[in-house]
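Please look over the model below. A short report on its parts and contacts follows.

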Amino acid sequence: MENNGKQPRIGVYICHCGFNIAGTIDVNAVCEYAKTLPHVALARTYKYMCSDPGQEMIIADIAEHHLNRIVVAACSPNLHEATFRGALQRAGLNPYFFQMVNIREHASWVHDDRAAATAKAKDQVRAAVARVQFHKPLERKRFNVEQSVLVVGGGIAGITAALEIANSGKHVYLVEREPSIGGHMAKYDKTFPTLDCAACILTPKMSEVREHPNITLWTYSEVQEVSGHVGKFHVKVRRKPRFIDEDLCVGCMECVSACVYKEPKFEDEFNEGLGKRKPIFMPFPQAVPPVVTIDPETCLKFKTGKCKSPCATVCDRKAVNFDQTERIEEIEVGAVIIATGFKAFDATRLPLYGYGIYSNVYTSLEVERLVNSSGPTAGDIVCRDGRKPKAIGIIHCVGSRDKKTNRWCSRVCCMYSLKLAHLLREHTGADVYQFYIDMRCPGKGYDEFYERLLDEGIQMIRGRAAEVTDWTMTPEEEGKLVIRVEDTLSAYVRRVPVDMVVLSVGMEPAEGADEVRRMFNISCSKEGFFLEKHPKLAPVETATAGVFIAGCCQGPKDIPDTVAQAGAAAAHAVALLDKGYVEIEPNTAYINPDHCSGCKSCIPLCPYHAIVFDDGLKKARIDEALCLGCGTCVASCPSGSIIQNLFEDEQIFSEIDEVLSNV
Amino acid sequence: MSERFDPKIVAFFCNWCTYAAADLAGVARMKYAPNLRTIRVMCSGRIDPQFVLEAFARGADGVLIGGCHPGDCHYISGNYKCLRRFKLLKRLVQDMGIEPERLRLEWISASEGDKLRQVVNEFVATLATMPPLNLPKRFVEWDKEVAILREQVDAAHAQEEQQEVSTHA
């Protein structure tokens with residue numbers, strides 16, 4: 001209990017942060033003012049407090065001037081509170097004898113008025129000086145970390161992360177909503193700019209996931225509930241019935257052939273509705289796990305109960321099980337990686353481009369399936385009306401960079417439009433027109449790919465397409481779709497007749513992203529993409545410790561970036577598990593039994609059921625292992641007997657009193 | 001009030017949403033009025049109604065509470081508890097003669113730096129149209145009034161006593 005009972009000797013440090021703070025706030029005036037405050041033994045300013053010399057200065061002063069409390073006025077505590085607490089610890093002082101004042105994000109960066117910003121800084125420093133006197137020495141609690149990781153989403157991000165972690169020897173639970181892993185990438189034909197076959201690079205990874213001894217793969221499953229904290233998350237996973245025993249099915253497809261529907265009749269989700277499937281189906285031949293699924297919405301057995309179920313009869317392994325019900329799996333994991341991907345923009349929201357109105361208007365994802373040799377037409381480019389296109393128009397930025405729909409750039413559309421242009425031209429020999437706002441091709445080999453496409457004779461027309469119409473004006477437009485556009489390079493309004501229109505749809509947050517976010521307690525940007533802890537320095541971490549994000553759930557990105565991010569997230573998770581323990585901030589609450597009247601007001605308020613009532617003593621008690629330190633119970637206690645470490649009543653009251661003391 | 005009145009606002013921001021939104025506003029260099037004095041709590045559920053009353057009593061012209069949007073609380077439901085207390089508190093301050101507009105609760109998520117800027121500017125503008133609350137000064141005046149009243153009462157008592165003494169005599 002160092003320094004307890006002694007007179008406080010406070011050191012106050014004001015950071016210039018280069019010009020970031022000193023440009024707006026008179027740091028010397030704040031420093032001189034701090035010297036006049038009670039119990040302040042010394043006050044200094046320094047150019048960069050967070051730098052090594054800045055921290056060393058604090059450490060030296062603690063030794064030389066016998067300081068026992070430190071206040072640093074600098075940036076947000078969310079950035080550097082831990083840094084300075086570390087310095088206190090190195091100086092042999094309890095790290096919680098520290099208070100940080102945010103005079104950068106909350107003052108110098110948001111105010112222009114130098115006098116007002118300086119006055120604000122003085123007020124907040126005075127409050128911190130008052131508050132820090134009430135600080136008590138605290139110890140962080142240590143918990144062991146569960147040696148397994150949950151990965152949510154089985155696209156290329158989730159697959160990569162799962163494999164990286166599994167290869168390090170840790171156990172992974174990979175949960176995927178769809179019947180197969182693979183995500184959007186499994187639907188693509190080639191990948192830009194190398195024109196690698198997407199399936200050739202993805203499917204080996206998918207099989208590796210299935211074979212890996214350290215991966216438990218749950219497809220057709222969703223996370224239902226999450227509780228706990230970093231190091232020990234309790235997760236409930238809902239496994240939807242696929243009416244097939246996964247352990248028995250070998251994917252021979254006999255049942256599919258035997259189905260009473262002789263021809264596939266229902267819209268095939270994997271082929272973007274361009275193909276048909278039966279009620280019993282495998283989404284695509286390389287699906288992992290290679291097992292079939294029965295869709296109860298379309299299966300006669302479920303709809304009428306009158307089907308003879310030849311699928312069940314024909315299966316010699318008896319894998320078909322119509323009585324299968326939903327199962328809940330409960331697991332405990334040390335870390336979570338969220339890789340729930342994206343949703344393609346719904347092109348019907350922009351009726352001016354005629355999607356859903358004219359049959360020959362396609363989205364880019366549909367065209368991916370169309371050019372794919374395992375797609376619904378086996379790679380043959382035939383329009384919905386049976387015609388082979390001689391002219392194709394690709395419209396960029398559909399649902400991107402558009403005030404009416406989504407403001408953001410989806411980053412991948414320019415490049416995949418070029419790729420599709422190449423593939424369509426290769427398959428059909430058609431004239432391909434690109435209608436673009438700007439060509440955005442930053443990336444390794446990307447601009448070279450663009451140059452290559454120009455050499456291949458792709459027509460580039462700069463201008464956001466105004467509309468797609470079947471209203472023809474000349475004989476050569478007859479029977480075609482006309483794209484109207486202002487060619488902004490030649491300052492000329494053009495009408496371009498084509499047989500097929502491809503809409504390069506942008507990326508949006510995935511379906512259900514909001515529920516996922518709430519379940520895992522992470523924030524999202526106003527677009528709905530998950531928010532990283534810091535855009536530059538913590539791009540895969542979130543505000544919730546132990547929860548990491550990777551891939552397009554964080555924002556639109558291409559496959560190389562997604563894979564890199566998934567690797568980073570995996571490294572974070574493995575580092576966390578390898579350390580073996582986590583330290584939890586000590587800002588938990590406890591009850592003073594001498595004051596507790598046993599009224600039980602606090603008990604129903606705790607979201608973590610951390611408060612128990614001792615029937616013998618007739619007093620409440622907080623289980624510190626369960627308390628996460630919100631302080632809700634503290635505010636409710638009528639006798640003031642609950643105390644939250646670091647946010648004690650007298651600490652907060654002293655802050656309130658001091659910020660107002662010069663009114 | 002000859003000079004321009006600059007209202008003083010005490011803000012209680014939860015660490016995960018509104019405090020982070022204020023950080024974001026800073027990073028984006030959004031400019032807003034410098035009247036706020038911010039006190040960080042982990043959750044809006046920690047905000048004891050007494051904090052708010054103390055702030056008014058010590059001279060705040062307004063109190064701003066910032067929490068996560070309903071359903072988004074880092075601690076599951078602290079913001080709902082805050083909302084309940086806020087509703088009661090709003091009636092309480094009104095009964096005490098403090099205009100309810102002086103107490104404001106806003107849900108501001110970590111990505112809503114711009115909302116924070118708007119809310120602060122709006123709140124400052126609203127408070128600037130009202131006279132300063134200045135409870136500490138009023139307390140002094142009230143104390144004086146009470147002292148005068150007490151003197152009068154004491155004087156009356158003294159007189160009564162004297163009269164009683166004289167009648168018995």
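How many residues of domain 1 of chain B are in contact with domain 2 of chain B? Eight residues of domain 1 of chain B touch five residues of domain 2 of chain B, where contact means heavy atoms within 4.5 Å.

This is a predicted model, in which local features need pLDDT of at least 70, side-chain atom pairs count only at pLDDT 80 or more, and totals for chains, interfaces and linings use all residues. Residues are numbered from 1 along each chain as its sequence is written, chains are lettered from A and ligands numbered from 1 in the order in which they are written, and side-chain values use heavy atoms, with hydrogens and water left out.

**The two domains of chain B**

Chain B splits into domain 1 (9–133) and domain 2 (134–169). The bounds come from an automatic or database domain assignment. The centres of these two domains of chain B, taken over C-alpha atoms, are 42 Å apart. Between them about 490 Å² is buried, and carbon and sulfur atoms give 56% of this area. Buried area is the accessible area (1.4 Å probe) that two parts lose on being put together, summed over both. On the side of domain 1 of chain B, Ala57(B), Gly59(B) and Leu133(B) lose the most area to domain 2 of chain B, together 70% of what that side buries.

The count of salt bridges between domain 1 and domain 2 of chain B is zero. A salt bridge here is a side-chain nitrogen of Lys or Arg within 4 Å of a carboxyl oxygen of Asp or Glu. Two residue pairs, both at pLDDT 80 or more, are in polar contact between these domains of chain B. A polar contact is a pair of N or O atoms within 3.5 Å; within protein, one must be able to donate a hydrogen and the other to accept it, and residues adjacent in sequence count only if both atoms are side-chain atoms.

**Where chain A meets chain B**

Now the interface between the chains. 53 residues of chain A are in contact with 51 residues of chain B. The area buried between chain A and chain B is about 4,300 Å², with 54% given by carbon and sulfur atoms. His106(A), Trp109(A) and Leu660(A) supply 14% of the area that chain A buries against chain B, more than any other three residues.

How many salt bridges does the rule find across the interface of chain A and chain B? The rule finds eight. Over all chains the count comes to 57 salt bridges. Two of the pairs across the interface are listed here.

| Residue in chain A | Residue in chain B | N to O distance |
|---|---|---|
| Asp123(A) | Arg37(B) | 2.7 Å |
| Arg518(A) | Asp72(B) | 2.7 Å |

Asp123(A) belongs to helix H6 of chain A, and Arg37(B) to strand E2 (residues 36–41) of chain B. Helices (H or I, at least four residues) and strands (E, at least two) are DSSP runs, numbered from the N terminus.

Among the elements that give two or more residues to the side of chain A are H4 (77–90), H6 (114–132) and H15 (513–520) of chain A. The largest share of that side, seven residues, comes from H18(A).

**Inside chain A**

The domain assignment gives chain A domain 1 (10–138), domain 2 (148–240 + 329–341 + 518–581), domain 3 (242–324), domain 4 (345–508) and domain 5 (589–645). The C-alpha centres of domain 1 and domain 5 of chain A lie 33 Å apart.

Rings of Phe, Tyr and Trp (its six-membered ring) pair if their centres lie within 6.5 Å; planes under 30 degrees apart count as stacked, over 60 as edge-to-face and the rest as tilted. Why is the pair of Phe270(A) and Phe284(A) stacked? Their ring centres are 4.3 Å apart and their planes at 15 degrees, so the pair is stacked.

Two peptide bonds deserve a look. The bond from Phe192(A) to Pro193(A) is cis, with omega near -10 degrees. Pro193(A) sits in the loop between strand E8 (190–191) and strand E9 (196–197) of chain A. The bond from Val288(A) to Pro289(A) is also cis, with omega near 0 degrees. Pro289(A) is in the loop between E15 and E16 of chain A.
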